[in-house]
Amino acid sequence: GGPVGEIVAVGRFVRLAGNPESAEFAIVVGDALQGQGLGTALAIALAEAARARGIRRFTATALSENVAVHRLLRTIAHHLQPTVTSGGVDELVAELAA
């Protein structure tokens, strides 16, 4: 274990003011704990909590080469729509599975 109070992972969604069925989504997992399923577990929990609150889609911003984020969103979405913006950054829209 690490020092007391060390953050190992954090996830959140924030409902978009102009579109109450959408929420901005983000998850961060500490380097030492990546690849152990924490991100997936957080994403599933966040998707369930969001759906219970009437949220139907998550939006996220990620580097185009960030395969892990794309894979993670595919886990919780029945449709994932990436839109490439400037500088190799994707704006992702994940329609949450019912």
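These legends accompany close-up views of a predicted model. Residues are numbered from 1 along each chain as its sequence is written, and side-chain values use heavy atoms, with hydrogens and water left out. Local features need pLDDT of at least 70 and side-chain atom pairs count only at pLDDT 80 or more, while totals for chains, interfaces and linings use all residues.

**View 1**
Helix α1 covers residues 38-52. Helices (H or I, at least four residues) and strands (E, at least two) are DSSP runs, numbered from the N terminus. With 15 residues, α1 reaches 21 Å from its first C-alpha to its last, close to the 21 Å expected at 1.5 Å a residue. That expected span is 1.5 Å times one less than the number of residues. G39, A43, L46, A47 and A50 of α1 are buried. They cover an arc of only 105° around the axis, which puts them on the same side of α1. The arc is that of the directions from the helix axis to the C-beta atoms. Buried means under 20% relative accessible area, exposed over 50%, partly exposed in between (1.4 Å probe, protein chains only). An α-helix has 3.6 residues a turn, so residues three or four places apart point the same way. The buried residues of α1 pack against β1 (9-16), β2 (19-29), β3 (57-63), α2 (67-76) and β5 (89-96). Contact means heavy atoms within 4.5 Å.

**View 1. The β1-β2 hairpin.**
β1 and β2 form a hairpin, with two residues between them. The two strands run antiparallel and are joined by eight bridges. Strands pair if DSSP finds at least two bridges between them. V10 has V28 in β2 as its bridge partner. A9 stands opposite V29 in β2.

**View 2. From β2 over α1 to β3.**
β2 and β3 run parallel, joined by three bridges. A23 stands opposite F58 in β3. Between these strands the chain passes through α1, and this β-α-β crossover is right-handed. Right-handed here means that, with the strands pointing away from the viewer, the path from the first strand over the helix to the second runs clockwise.

**View 3. S22, a buried serine in β2.**
S22 lies in strand β2. S22 counts as buried because its relative accessibility is 1%. Its side chain joins that of R57 through a polar contact of 3.0 Å. A polar contact is a pair of N or O atoms within 3.5 Å; within protein, one must be able to donate a hydrogen and the other to accept it, and residues adjacent in sequence count only if both atoms are side-chain atoms. Leaving aside neighbours within four places in sequence, S22 is in contact with V14, R15, L16, I55 and R57.

G54 is found in the loop between α1 and β3. Just after α1, G54 takes a positive phi of about 85°. G54 has a relative accessible area of 37%, so it is partly exposed. Not counting residues up to four places away in sequence, G54 touches R15, P20 and E21. N66 lies in the loop between β3 and α2. N66 is partly exposed too, at 30% relative accessible area. G54 and N66 are 12 residues apart along the chain, and their C-alpha atoms are separated by 28 Å. N66 and R56 are 10 residues apart in sequence and 23 Å apart in space, C-alpha to C-alpha.
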